[in-house]
Amino acid sequence: MSQGSKRWWGLGLIALAQFMVIMDTSIIGVALPRMQDDLGFSPENLSWVFNAYVVAFGGLLLLGGRLSDLFGARRVFTAGWLILLAGSAAAGLADSVAVELAARAAQGAGAALIAPSALTLLMMLFGAQPRELTTALALYGAAAPAGGTAGVFLGGVITEYLSWPWVFYINIPIALIAVLAAPALMPAGGARRGSLDVAGALTVTAGLAAAVYAIVRAPEVGWASGQTWLVLAGAVAALVAFVAIQAARRDPLMRLSIFRTPNLAAANVAQLLLGAAWIPMWFYLNLYLQQVLGYSAFPSGAALLPMTVLIMVGMVALAPRAINRFGPKPMVVAGLTVLAAGLGWLALVRPGGSYAVDVLPASLVAALGMSLAFIPSLGTAISSARPEEGGLASGIVNTSYQVGSALGLAAMTAVAASYGADRVGDLPALTDGFSAAFVGAAAIAAIGAVTAAVTLRTRTSDAQSATEPENVQVG
């Protein structure tokens, strides 16, 4: 196998990692009712089959990035797959609520090691070839919507024709393939000297996990409840302690001055707001299709396919060329603006609407905006960091998107409920609630566009690729 061919096979494995990380958030949806019956989940606790994964994933991403820098991206990538494999086996074999939730948290922990190390490996494989790096990031980005859509379909097929444990068992052969293929396809990368900063790792993990926990739980217990604010206060205290520890240590988990790197903080804010706008749209569009238009799970998943296909084509074919022609900043601003327009159009949904009129055209506009904004903001966030901090930068940008997604979904859940989205069976009220969520998500995307326009710096040549590294070297 030639070196060039090996790089692209390696990219395939990295894209598979992204596909699996996202698929594991969506594949359980159709299986939840049967899991509830078999394991004895209460209606209030059932959502934690999803949330346990998200809390562990979001809370451990920074640690995963740091471990990748210290011990080598390939080692951490492989360890993440092994943890995901063990968590998947335990989740399928679980015979109680506690075991199931612990196994889902283990899956999230494995994903938190896989995601930042995968991006670091991508930079190591393609960092010296800017135009190839843009294409590689586009393929990596396109794997996310593919994983989300595949999860909906596979979850339905597996639950219908096999049994719900197989939504977890499907990870096992894929994880084995990844573990066996990684040594042949991935650069070894060198571990570098440095301490782990256990205190920093504990405080940031606790702070991020508590923040995500409070955010995803708030719609259930109420934003005004004492529990929500107590957990948020604990999260803030832990994160303040983390910042103090980082400022005092000679070898911190996260060098605070990294955020003074041109464009790194701005690109992460763009990713956060992109996630905060996109995930509520995807969530409530699915509910509109099923609860208002009356689609079952399979037709609902099929209805999202055109949007998914456009995102994938846009990321792979359109975005790299546009970035090379116009530069990253204009594409981030334009993408978020187009996303806001698509979301505003979706807000016009009607109780007696139709897919062809109310959903398809607006969802395609939103998908186009997502495909234009995601790659340049992701590439800018990663390539702005120093080479030896690639794992940390990958962990930060993954954390930004995941926390933004959780925050946006929780906030739009509260907005939707206040306009009637919790009145199951009342189609006008449901539609008003979903429409309000789309309006809120459109506002978030618009704020993202303005923020990117103000904070992102334009490079010396607007035609320069968004991902052309200023300091990146091949490890």
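**Close-ups of a predicted model**

**View 1. What lines the second largest cavity?** The lining residues split into 4 nonpolar, 2 polar and 1 charged (Ala, Val, Leu, Ile, Met, Phe, Trp, Tyr, Cys and Pro count as nonpolar, Asp, Glu, Lys and Arg as charged, and the others, Gly among them, as polar). They are Tyr-213, Ala-214, Arg-217, Val-221, Gln-227, Thr-228 and Val-231. Two elements each give two or more residues here: α9 (198-221) and α10 (226-248). Top contributor is α9, with 4 residues. Bear in mind that this is a predicted model, where local features need pLDDT of at least 70 and side-chain atom pairs count only at pLDDT 80 or more, while totals for chains, interfaces and linings use all residues. Residues are numbered from 1 along each chain as its sequence is written, and side-chain values use heavy atoms, leaving out hydrogens and water.

**View 2. How many cavities turn up in the whole structure?**

**View 3. Helices α11 and α15 meet.** Helix α11 (residues 264-292) and helix α15 (residues 355-383) have axes that come within 10 Å and cross at roughly 160 degrees, so the two helices are roughly antiparallel (angles over 145 degrees count that way). Their contact residues divide into 18 nonpolar, 5 polar and 1 charged.

How values were computed: Axes fitted to C-alpha atoms, helices over the stretch in contact; angles between N-to-C directions. Parallel < 35°, antiparallel > 145°, perpendicular 65-115°, else oblique. 1 Å grid on protein atoms, 1.4 Å probe; cavity = no way out; pocket = protein on both sides within 12 Å on 5 of 7 lines; lining within 4 Å.
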